[in-house]
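Q: I have a protein model here and want to understand the words used to describe it. Can we work through them one at a time?

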Amino acid sequence: MNDNADSSSPVRTIIADDHPLVLLAIENLMAGYPNMQIVGRAADATELFKEVDRIPCDLVLMDLYMPGGFYGDGLEAVRQFKARYPDVALVVLTMETEATALKRVIALGVDGLISKRDRIDLIHVAVVTALARECYLGPAVRLLIADATVAQRLDFVREMLSRRELEVFKQYASGLGVTEIAARLGRSVKTISAQKCTAMRKLGLHSDAELFRFAVEHGVISEDCVPNRR
C-alpha cells in the first residue's frame, strides 16, 4: 500500500480484465472484502494506465493478457506498469500455463501472481500478501513452476546418461537389485553393475542414498517409489 495511505483508510483498488463477466465477478468478490474500495475498472492495458493516472490507488488487480493498445499486453504491460507505478501493489491474474512465462512475470517484481484455475477465494490471500509487500504465488503457479523444474532436471539426466545407463539407473532407484535388473533386461550382472557405476560416476553420486535422493529430486522416479533400504 502507498505510504501515504492511512491503515484505517479503504484500500483503493483498480481492477482490469478484458472479459466483462470476469471483471464483474472480481468486483463483486472484492466488494465483500473488508476495507476495500473499487475506484476504477479497465478492459485493456491502455484504459488501466489512464485509470491509475486519473485516480490515486493502492492496489491493482489485472489480467496478464488483455488487448494491449498503446502499452502492449502481457509482460510488456507489466514491465511498464512496475516502472511507472512502483508504489502501487500489483496482483496479476492469468490462464498462462507455461512455466517460463510465469517466471518472467515474477521476475518483473509483481506483488502477486495467481492462476484463474485457483480457487477464487485465494484472490483475497493474494491481495493481503501483496499489500504487505510480499510476493504471493498461487498454488497452480507454484505447481507449474515446480513441475517444470523437475522436467528440466530430468532432461539433464537424459543428456548425461546413455539410454541403457538411464534404464539401469531408474530400475535400481526403484528398488530392484543388480541381479533382478540383469534378468529383466537380459544382460549379465557384470554389465548391469558396470552401467550402474558409470551412471553414478557421470552424475557425481557416491552412495546408494545419494542415488535414491537424486532420482527423486530429478524426476527419474516418484518419491513413493523409493525403496526402504537400511
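Q: Which residue in β3 does isoleucine 15 stand opposite?
A: Leucine 61. Keep in mind that this model is predicted.

Q: How many bridges join β1 to β3, and what makes them count as paired strands?
A: Four bridges join β1 to β3, and the two strands run parallel. Pairing needs at least two bridges, so β1 and β3 count as paired.

Q: In what order do the six strands lie in the sheet?
A: The order is β2-β1-β3-β4-β5-β6, in an open sheet with parallel pairing.

Q: Why are β2 and β6 said to stand at the edges?
A: Each has a single partner strand, so one side of each is left without a neighbour in the sheet.

Q: Which helix packs on the sheet, touching β1, β2 and β3?
A: Helix α2, residues 45-54. Its direction makes about 135° with that of β2.

Q: What makes β4 "mostly covered"?
A: Six of its six residues are buried. Ala89, Val91 and Leu93 point one way, while Leu90, Val92 and Thr94 point the other way. In a regular strand the side chains alternate between the two faces of the sheet.

Q: Which strands are joined to β4 by bridges?
A: Five bridges join β3 to β4, and four join β4 to β5. Both pairs run parallel. Aspartate 63 has leucine 93 as its bridge partner in β4. Valine 92 stands opposite leucine 113 in β5.

Q: Which residues of α1 are buried, and why are they said to be on the same side?
A: Leu23, Ile26, Glu27 and Met30 are buried. They cover an arc of only 100° around the axis, which puts them on the same side of α1. The face turned away from that buried side carries the exposed residues Leu21 and Asn28. The buried residues pack against β1, β2, β3, β4 and α5.

Q: Why is glutamine 195 called buried?
A: Its relative accessible area is 13%. Buried means under 20%, so glutamine 195 qualifies. This residue lies in helix α9. Among the residues that glutamine 195 touches are Arg164 and Arg187.

Q: Why is threonine 191 called partly exposed?
A: Its relative accessible area is 32%. That value lies between the 20% and 50% cut-offs, so threonine 191 is partly exposed. Threonine 191 is also found in α9.

Q: What are the buried residues of α9, and what do they pack against?
A: They are Ile192, Gln195, Lys196, Thr198, Ala199, Met200 and Leu203. They pack against α6, α7, α8 and α10.

Q: What follows α9?
A: Glycine 204, whose phi is positive, near 70°.

Methods: Residues numbered from 1 in each chain as written. Predicted model: local features only at pLDDT ≥ 70, side-chain atom pairs only at ≥ 80, totals over all residues. Heavy atoms only, no water. Buried < 20%, exposed > 50% of the residue type's maximum accessible area, 1.4 Å probe, protein only. Contact = heavy atoms within 4.5 Å. Arc of directions from axis to C-beta. Axes fitted to C-alpha atoms, helices over the stretch in contact; angles between N-to-C directions. Lists of a residue's contacts leave out its neighbours within four places in sequence.
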